[in-house]
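Please look at the sequence and the structure below, and turn the model slowly before reading on. The paragraphs that follow go from the whole chain to single residues.

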Amino acid sequence: MSNLIPPGKTIGIIGGGQLGRMLTLAAKEMGYFVGILDPEKNCPAAQVADWQIVAKFNDYTALQELAFRTDVVTYEFENVDVDAISKIEHLVSLPQGSELLSITQDRLLEKAYLEENNINIAPYATIIDLNDISASLDGIGFPCVLKTIRGGYDGKGQVVLYSEEDIPKCEVLLKTGICVLEAWIPFERECSVMVARNEAGEIRVFPVVENLHRNNILHETIAPARVSNEISEEVERVATVIAKKLNLIGVLGIEMFLTSSGSLYVNELAPRPHNSGHYSIEACSFSQFDLHIRAICGWPLPEVKLLSKAVMVNILGEHIEDSLFQILFKPEWHFHYYGKSLARLGRKMGHITILTENIERTLETIEDTGIWE
């Protein structure tokens, strides 16, 4: 128990978005003080934390200050400067470490790592210029998707190719640097799972969920996923292998494709809480945020039980006004708003979780509001 960081100590979070906000709320409930480092003053997490350092994520002086003022540091998104992070590892406990960041920040490294550990992934090729695309098509075929190896979320930083005619469209993306070309998996369902591990090596896997995307942005998460027990068990096995191999401390989101033949392909890893795990706040005995805080503070990890079926739906900038109107008509819905000042098109502003006994009926109810057309 020597590595237990008890309540009353201070947790530093790099990143002040909605994930940082929900991590802060979980930490405050457990008796911790929380400090946020984020360039945006009064960002979503800072609104509920004890203090904020307003600075860029690669500002070494600010990171150093964060390290000196806290007992443990965590990050809530993966586009943090690995070099800057590695420089503060000797100053403060950073349980997630910088190695996990460097692997998950680079799509090629991530794929090589998964392949090495016999995890099923889509066929891919490294692309430096347009000629590489033509040369790789024999093994990959159409349709396929070109992605930047760094950054890119919610569909940004990628081009889908359906035929040779689409190759010139990739030029702009290739100007940003090395890319990866992936075969398009004809999936039946997109699934994801959250897995948590602490320093003692305890691993806990959340229920497998099913995700529906619109315009490459997560629209709905259905818990549990409408898949067989065999598939759920395989997802759990894969999650456990990945958590062990990565020496994970904290929570990790794993996105997967499931084909009609029952094959699973790992698509992406997120070394932090994940949008598709938000349902766990109401629907599970412990949320993904609870387990992340427990894991980085050296607490033992509980088994996570699904207490109710649930559907989570995202509120983007364009949905915000209509969603507020629903507060009057849907007393049983759990509304979460993130405190962002600017409602932009496609920007995640909040989410709603609906506990249900009938997933299909709930999906219809959401559709009937006309908000998410």
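Predicted model: local features only at pLDDT ≥ 70, side-chain atom pairs only at ≥ 80, totals over all residues.

How far apart do the C-alpha centres of domain 2 and domain 3 lie? The distance between these two centres is 28 Å. The domain assignment, whose bounds come from an automatic or database source, divides the protein chain into domain 1 (10-94), domain 2 (123-183) and domain 3 (187-369). Where domain 2 and domain 3 touch, five residues of domain 2 are in contact with five residues of domain 3, contact meaning heavy atoms within 4.5 Å.

Residues are numbered from 1 along each chain as its sequence is written, and side-chain values use heavy atoms, with hydrogens and water left out.

Taken as a whole, the protein chain has twelve helices and 17 strands; these are DSSP runs numbered from the N terminus, helices being H or I with at least four residues and strands being E with at least two. Its radius of gyration, taken over C-alpha atoms, is 20 Å, close to the 21 Å that the globule rule gives for 373 residues, so the chain is as compact as a globular protein of that length; the rule itself is 2.2 Å times the number of residues to the power 0.38. Along the principal axes, the C-alpha atoms fill a box of roughly 60 × 50 × 40 Å. Of the 373 residues, 57% are buried, where buried means under 20% relative accessible area, exposed means over 50%, and partly exposed lies in between (1.4 Å probe, protein chains only). Among contacts between residues at least 6 apart in sequence, 61% join residues at least 24 apart.

Rings of Phe, Tyr and Trp (its six-membered ring) pair if their centres lie within 6.5 Å, and planes under 30 degrees apart count as stacked, over 60 as edge-to-face and the rest as tilted. By this rule the count comes to five aromatic pairs. One of them joins Phe187 and Phe257, which are stacked at 4.8 Å centre to centre with 5° between the planes. This pair links distant parts of the chain, as Phe187 belongs to strand β9 (residues 187-197) and Phe257 to strand β13 (residues 250-259), 70 residues apart. Phe187 counts as partly exposed because its relative accessibility is 29%, whereas Phe257 is buried, with a relative accessible area of 14%. Elsewhere, ring pairs link Trp333, Phe335 and Tyr337 into a cluster.

Most residues other than glycine have a negative phi, and most peptide bonds are trans. A cis peptide bond, however, joins Phe142 and Pro143, with omega about -15°, and Pro143 is found in the loop between α6 (130-140) and β6 (144-148). Another cis peptide bond joins Ala223 and Pro224, with omega about -5°. Asn118, although not a glycine, has a positive phi of about 55°; this residue is found in the loop between α5 (107-116) and β5 (124-127), and it counts as exposed because its relative accessibility is 70%.
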